[in-house]
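Welcome! Please take a moment to look over the model shown here before reading on.

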Amino acid sequence: MANSSIKTLAILNAKAPYANLAGKDALDIALIFGSFEQTVSLFFQGDGVWQLIQGQNGSIISIKDYLKTFAAFEFYDIEDVYVCQASLAMRNLPAKFHIEEVQVLNQQEFAHKLTSHKTILRF
Amino acid sequence: MNKLAVVITTPPFSNLSVTALDYIETALKAEVELVGVFFYQDGVMHANTNVQIASDEFQAISHWQRLHQAYKLPLHLCITAAEKRGISDEHAQNIHSIFTVSGLGELVELSSMADRMVQF
C-alpha cells in the first residue's frame with residue numbers, strides 16, 4: 001500500500017444486461033475487489049438499472065444469468081449498492097429488485113455518493 | 001505519494017486510445033510514478049499482434065512500445081478478456097512482447113499501489 005488512506009472503488013453500471021458483456025465484466029471486478037477485502041460500491045444508472053430488476057431469465061435467450069451472482073454480494077462484503085431513482089422513473093420501473101440492500105437515491109444524492117469515491121470505473 | 005494507475009477498456013481503433021496515450025505520456029514526463037496500465041474488455045486488443053491499422057491512421061501500438069521502452073512502463077493484459085477475443089498466451093506470437101499476461105488480481109494490486117486510477 002502506498003499509504004494508509006482507505007481506497008474506495010465505485011463501479012458505475014450504465015448498460016442493460018445481456019446485450020453485451022459490460023455488466024459481467026463489471027461484476028467480475030466487483031467480486032475480485034471484494035475477495036481481496038477492498039471496499040467496492042456498485043452504482044446503477046441509465047439502462048444499467050435493468051441489471052437490478054427482478055424476474056429476469058437470461059436462459060431464455062441462451063445467456064448465462066450472471067445476475068444471479070448478485071445474491072452473493074454479502075459473501076464478498078459488498079454492501080453498498082445504489083440505484084438512480086430518476087433512471088427507474090424514466091423507464092417506469094418499480095423499485096423492486098432481485099437482491100436486497102439496494103438503496104434508491106435521487107440524482108443529487110446519487111452524484112454526491114458517486115463522487116465521494118476515490119476511483120470510478122464505468123461499464 | 002503521487003502514484004497513478006491507468007485502465008484501458010477501449011480498443012486501439014478508438015480515439016480514446018489517443019487521449020489515453022497523451023495522458024500517460026504527459027504524466028510520465030511530469031515524473032508522475034505510473035505503477036502500471038491494465039488492459040481490460042476491448043482494451044486487450046492493443047496486445048494483439050494480428051491487429052492491423054491502416055498506415056495513415058493512429059498506431060497505438062508503436063506508442064505503447066515507445067513508452068514501454070523509455071519508461072519501463074508495465075503493461076498488464078487481462079488474459080480472460082484476451083482469450084474471449086482470440087488472444088491466447090498459448091500462442092505467444094499473438095501477444096506483443098511488451099505486455100505481461102495478468103489477471104484481475106493485478107488490477108487490485110495496481111489499485112492498492114496507486115493514489116489515483118483513471119479509465120479510458
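The briefing below walks through some features of this structure, topic by topic.

Please keep in mind that this is a predicted model. In it, 16 residues of chain B are in contact with 15 residues of chain A. The largest nonpolar core holds 63 residues, and helix α1 (residues 22-35) of chain A gives the most to this core, with six residues.

**Where the chains meet**

- On the side of chain B that touches chain A, the elements giving two or more residues are β1 (3-8), α4 (104-113) and β5 (116-119) of chain B.
- Among these, α4(B) gives the most, with seven residues.
- By type, the residues on this side of chain B divide into nine nonpolar, five polar and two charged.

**The nonpolar core**

- I11(A), F39(B), V44(B) and C78(B) touch the most other members of the largest core.
- One of them, F39(B), has contacts beyond its neighbours within four places in sequence: I8(B), V44(B), H46(B), A47(B), L75(B), H76(B), L77(B) and C78(B).

**Helix α1 of chain A**

- The buried residues of α1(A) are A22(A), G23(A), D25(A), A26(A), L27(A), D28(A), I29(A), A30(A), F33(A) and G34(A).
- Their cover includes β1, β2 and β5 (119-122) of chain A, together with α4 of chain B.
- Just after the helix, E37(A) takes a positive phi of about 60°.

**A β-α-β unit in chain A**

- Strand β3 (residues 80-84) and strand β4 (residues 102-105) of chain A run parallel and are joined by four bridges.
- Within this pair, C84(A) stands opposite L105(A) in β4(A).
- Together with helix α2 (residues 85-90) of chain A, β3(A) and β4(A) make a right-handed β-α-β unit.

**Loop residues in chain A**

- Y18(A) is found in the loop between β1 (8-13) and α1 of chain A, and its phi is near 80°, a positive value in a residue other than glycine.
- Y18(A) counts as buried because 20 other C-beta atoms lie within 10 Å, and burial takes 20 or more.
- D77(A) lies in the loop between β2 (39-44) and β3 of chain A, and its phi, near 60°, is also a positive value in a residue other than glycine.
- With 14 other C-beta atoms within 10 Å, D77(A) is partly exposed.
- H98(A) sits in the loop between α2 and β4 of chain A, and 15 C-beta neighbours inside 10 Å make H98(A) partly exposed as well.
- Leaving aside its neighbours within four places in sequence, H98(A) is in contact with L52(A), Q54(A), L67(A) and F70(A).
- H98(A) and G58(A) are 40 residues apart along the chain, and their C-alpha atoms are separated by 14 Å.

**Helix α2 of chain B**

- Helix α2 (residues 60-71) of chain B has twelve residues and reaches 16 Å from its first C-alpha to its last, close to the 16 Å expected at 1.5 Å a residue.
- Just after α2(B) comes K72(B), which takes a positive phi of about 50°.

Technical notes:
Residues numbered from 1 in each chain as written. Chains lettered and ligands numbered in written order. Predicted model: local features only at pLDDT ≥ 70, side-chain atom pairs only at ≥ 80, totals over all residues. Expected span 1.5 Å × (residues − 1). Contact = placed C-beta atoms within 7 Å. Nonpolar A, V, L, I, M, F, W, Y, C, P; charged D, E, K, R; others polar. Pairing = 2+ DSSP bridges. Right-handed = clockwise from strand over helix to strand, strands pointing away. Core = buried A, V, L, I, M, F, W, Y, C linked by C-beta atoms within 7 Å. Buried ≥ 20, exposed ≤ 12 C-beta atoms within 10 Å, placed from the backbone.
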